[in-house]
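These are my notebook entries on one structure. I record what I looked up, entry by entry, together with the terms I needed.

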Amino acid sequence: MKVFKVTATMDVGYHIFIRAKDEDEAMEKAGEVDGMGDWWVKSDDGHDWTLEQSWEVAEDEYEEEDVFVEDEDPDEQLGKKIYSGQFFKKEENNE
């Protein structure tokens, strides 16, 4: 079978308290506040998982142990990656 790389994104929630005359003004004011500033508070660790795109990859672009096995428990796959050291491998840029 062919191997494909599939990308996905997950939204992470934040909130802020704003004084405003109505919801529209609150949204407008919130849009002007720096998203990475101290006022925005993280309110969850992620939601709205969205699959983005998929494309076929060549054999030299992945390790066999990184390919999802449909009939295998995902936690067991992760355990194998941790035990083998694959989970902790880091690419080094020696330039």
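**Entry 1: Confidence and overall layout**

I began with confidence and found that, among the elements of the protein, helix 2 has the lowest mean pLDDT, 61, while helix 1 (residues 23-31) has the highest, 96. The term pLDDT is the predictor's confidence in each residue, on a scale from 0 to 100. Helices (H or I, at least four residues) and strands (E, at least two) are DSSP runs numbered from the N terminus.

I noted that this is a predicted model, in which local features need pLDDT of at least 70 and side-chain atom pairs count only at pLDDT 80 or more, whereas totals for chains, interfaces and linings use all residues. Residues are numbered from 1 along each chain as its sequence is written, and side-chain values use heavy atoms, with hydrogens and water left out.

For the protein, I recorded a mean pLDDT of 83, with 74% of the residues reaching 70 or more. I counted 2 helices and 4 strands. Read from the N terminus, the order of elements is β-β-α-β-β-α.

I then looked up burial and found that 8% of the 95 residues are buried. Buried means under 20% relative accessible area, exposed means over 50%, and partly exposed lies in between (1.4 Å probe, protein chains only).

**Entry 2: The salt bridge**

How many salt bridges does a search of the whole structure find? I recorded 1 salt bridge. The term requires a side-chain nitrogen of Lys or Arg within 4 Å of a carboxyl oxygen of Asp or Glu. Side chains of opposite charge can pair when their charged atoms come close.

The partners are Asp45 and Lys42, and their closest N and O atoms are 3.4 Å apart. Asp45 counts as exposed because its relative accessibility is 68%. Lys42 has a relative accessible area of 47%, so I listed Lys42 as partly exposed.

I placed Lys42 in strand 3 (residues 41-42). I also compared Lys42 with Val12: they are 30 residues apart in sequence, and their C-alpha atoms are 7.6 Å apart in space.

**Entry 3: Two surface patches**

I first noted how patches are defined: they are made of residues with over 30% relative accessible area and no salt bridge, like charges being joined within 9 Å and nonpolar side chains (Val, Leu, Ile, Met, Phe, Trp, Tyr) within 5 Å. Accessible areas come from the Shrake-Rupley method with a 1.4 Å probe, and for residues only the protein chains shown count as cover.

The nonpolar patch on the surface consists of Phe4, Val6, Met10, Trp49 and Leu51, which together have about 570 Å² of accessible area. Strand 1 (4-11) and strand 4 each supply at least two of its residues. I found that the largest share, 3 residues, comes from strand 1. Val6 is one of the residues in strand 1.

The negative patch is formed by Glu59, Asp60, Glu61, Glu63, Glu64 and Glu65. Lys and Arg count as positive and Asp and Glu as negative, while His and the chain ends are not counted. The place of a charge is taken as NZ of Lys, CZ of Arg, CG of Asp or CD of Glu.

I located Glu65 in the loop between strand 4 (47-56) and helix 2 (74-84). Glu65 is partly exposed because its relative accessible area is 40%.

**Entry 4: Further residues**

Val67 also lies in the loop between strand 4 and helix 2. Its relative accessibility is 22%, so Val67 counts as partly exposed. Val67 and Val3 are 64 residues apart along the chain, and 7.7 Å separates their C-alpha atoms.

Lastly, I looked up Asp48, which is in strand 4. Asp48 has a positive phi of about 50°, although it is not a glycine. Most residues other than glycine have a negative phi.
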